Amino acid sequence: MSLRTVVEGVSHYVPERRVTNADLTTMMDTSEQWILDRTGIEERRFVDQPTPTSHLALESARRVLEKTKTSTEDVDFLLAATLSPDFYFPGIGPMIQSGLGLKTIPALDIRVQCSGLVYGLSAADAFIRSGQSKCLLLVCAEVQSPVLDFSTRGRDTAVLFGDGAGALLLRAEETDDSTDLLARRGIIDSYLGSDGQGAEVLCVRTPGTSTTGFITQEDFDERRWRPHMDGRQVFKNAVIRMCEAATEILQRNSLTPDDIALIVPHQANLRINEAVRERLGFREEQVFNNIQKYGNTTSATIPIALSEAEEEGRLKRGDLLLTLAFGAGFTWGANLVVW
Ligand code: COA
């Protein structure tokens with residue numbers, strides 16, 4: 001017998017306020033068609049400010065606890081992924097712990113940007129299989145709208161991102177080792193990577209310790225506290241690394257693209273996901289995308305997509321799921337899960 005990490009449930013929460021591409025054209029020099037053609041995004045959700053990230057995180061976490069009928073007493077470990085915490089420090093993990101009224105359990109923040117879910121599932125699997133947790137809550141949440149630059153100068157990034165959250169409840173399950181891996185629910189494998197050579201290709205530079213005095217007037221005036229991105233570099237690397245992650249995890253588990261029921265990739269750009277799908281030889285109906293409605297919600301894209309895929313009947317118990325992500329850092333990865 002050995003321990004296995006089963007995804008008991010997933011839920012999501014997005015703010016009510018819809019911001020369409022047409023809305024953005026009133027703020028900057030862009031067009032509805034440009035945004036749609038280059039990214040696939042039709043609208044995104046923004047919070048009414050100020051709404052801290054922990055608020056979205058708590059909403060999605062409450063939903064998954066309710067959905068899985070899990071008592072707050074049962075949760076014994078919390079993982080929280082975000083690039084947009086309420087404060088510079090501490091992270092949102094302890095805030096979620098107290099907001100939900102959980103016991104004084106371990107709470108760990110994960111900072112790998114858009115790869116938050118794949119790293120989070122991998123870490124959850126390690127904590128569960130090593131016996132450190134039996135019931136783990138993984139929350140991915142972002143409030144990005146306050147830091148975006150809605151002038152024409154920031155149009156390459158401002159049109160891409162949205163606010164949102166998703167949460168997964170993971171449980172330890174004892175399984176008989178003689179059973180075929182694919183016949184049992186749970187996380188089968190994770191593949192993770194990073195390359196810090198890409199750190200400045202997509203980043204928010206300040207406030208930070210690389211600047212004298214944490215943030216200077218010049219940093220502020222030059223908007224170095226807004227996201228900086230070389231979109232083409234990110235695009236190119238995202239396609240290469242997501243393909244690498246998928247190929248590696250399939251090969252080392254002796255699987256082919258046909259074995260996968262559903263791929264839920266990070267939602268950064270529909271063209272990135274389409275390029276990855278074509279290169280790997282997956283059929284269109286094997287890939288779930290919802291970037292059209294939410295834009296790029298960074299760590300929350302995959303949990304929101306998993307939750308919607310399940311609601312729409314596209315992801316069912318026993319299905320073999322492949323997640324794929326690429327994000328700032330650079331960081332990337334994949335999980336293979338029997339849902
Ligand atoms: N509206 C209109 N024009 C815009 C624009 C906008 N919102 N944003 C940029 N442009 C302009 C550029 O200024 C450029 O103009 P120029 O040719 O006069 O210099 C032109 O559009 C083309 O820019 P380019 O960078 O070649 O476009 P692209 O096809 O690469 O698409 C991105 C740009 C940002 C959509 C694309 O590079 C991308 O999605 N990259 C990945 C980003 C990402 O995923 N980030 C998160 C990672 S997890």
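Student: A salt bridge is taken here as a side-chain nitrogen of Lys or Arg within 4 Å of a carboxyl oxygen of Asp or Glu. How far apart are the closest N and O atoms of Arg-224 and Asp-219?

Tutor: The closest N and O atoms of Arg-224 and Asp-219 are 2.7 Å apart, and the two residues form a salt bridge. Please note that this is a predicted model, in which local features need pLDDT of at least 70 and side-chain atom pairs count only at pLDDT 80 or more, while totals for chains, interfaces and linings use all residues. Residues are numbered from 1 along each chain as its sequence is written, and side-chain values use heavy atoms, leaving out hydrogens and water.

Student: Is Asp-219 buried or exposed?

Tutor: Asp-219 is buried, because its relative accessible area is 4%. Buried means under 20% relative accessible area, exposed means over 50%, and partly exposed lies in between, with a 1.4 Å probe and protein chains only. Arg-224, at 27%, is partly exposed.

Student: How many salt bridges does the structure hold?

Tutor: The structure holds 20. One of them joins Lys-67 to Glu-310 at 3.1 Å, N to O. That pair links distant parts of the chain, 243 residues apart: Lys-67 belongs to helix H3 (residues 53-67) and Glu-310 to helix H11. Helices (H or I, at least four residues) and strands (E, at least two) are DSSP runs numbered from the N terminus. Lys-67 is partly exposed at 40% relative accessibility, and Glu-310 is partly exposed at 25%.

Student: Which residues are linked in a network of salt bridges?

Tutor: Glu-8, Asp-74 and Arg-171 are linked in such a network.

Student: Changing topic: what is the strand order in the open sheet of four strands?

Tutor: The order is E8-E13-E12-E11, with mixed pairing. Two strands pair if DSSP finds at least two bridges between them. Strand E8 (186-194) and strand E11 (262-265) are the edges, each pairing on one side only. The twist from one strand to the next averages 15°.

Student: How many bridges join E12 to E13?

Tutor: Eight bridges join strand E12 (residues 320-327) to strand E13 (residues 331-338), and the two run antiparallel. Leu-320, for instance, has Val-338 in E13 as its bridge partner.

Student: Which strands does helix H5 touch?

Tutor: Helix H5 (residues 116-129) packs on the sheet and touches E8, E12 and E13; its direction makes about 55° with that of E13. Contact means heavy atoms within 4.5 Å. Axes are lines fitted to C-alpha atoms, for helices over the stretch in contact, and angles run from 0 to 180 degrees between N-to-C directions. Helix H11 (residues 301-311) lies across E11 and E12 and runs at about 145° to E11.

Student: And aromatics: how many pairs does a search of the whole structure find?

Tutor: The search finds six aromatic pairs. Among them, Phe-220 and Trp-225 are stacked, at 5.4 Å centre to centre with 15° between the planes. Rings of Phe, Tyr and Trp (its six-membered ring) pair if their centres lie within 6.5 Å; planes under 30 degrees apart count as stacked, over 60 as edge-to-face and the rest as tilted. Phe-326, Phe-330 and Trp-332 form one aromatic cluster.

Student: What share of the 339 residues of the chain counts as buried?

Tutor: Of the 339 residues, 54% count as buried. The chain contains eleven helices and 13 strands, and its C-alpha trace spans about 60 × 45 × 35 Å along its principal axes.
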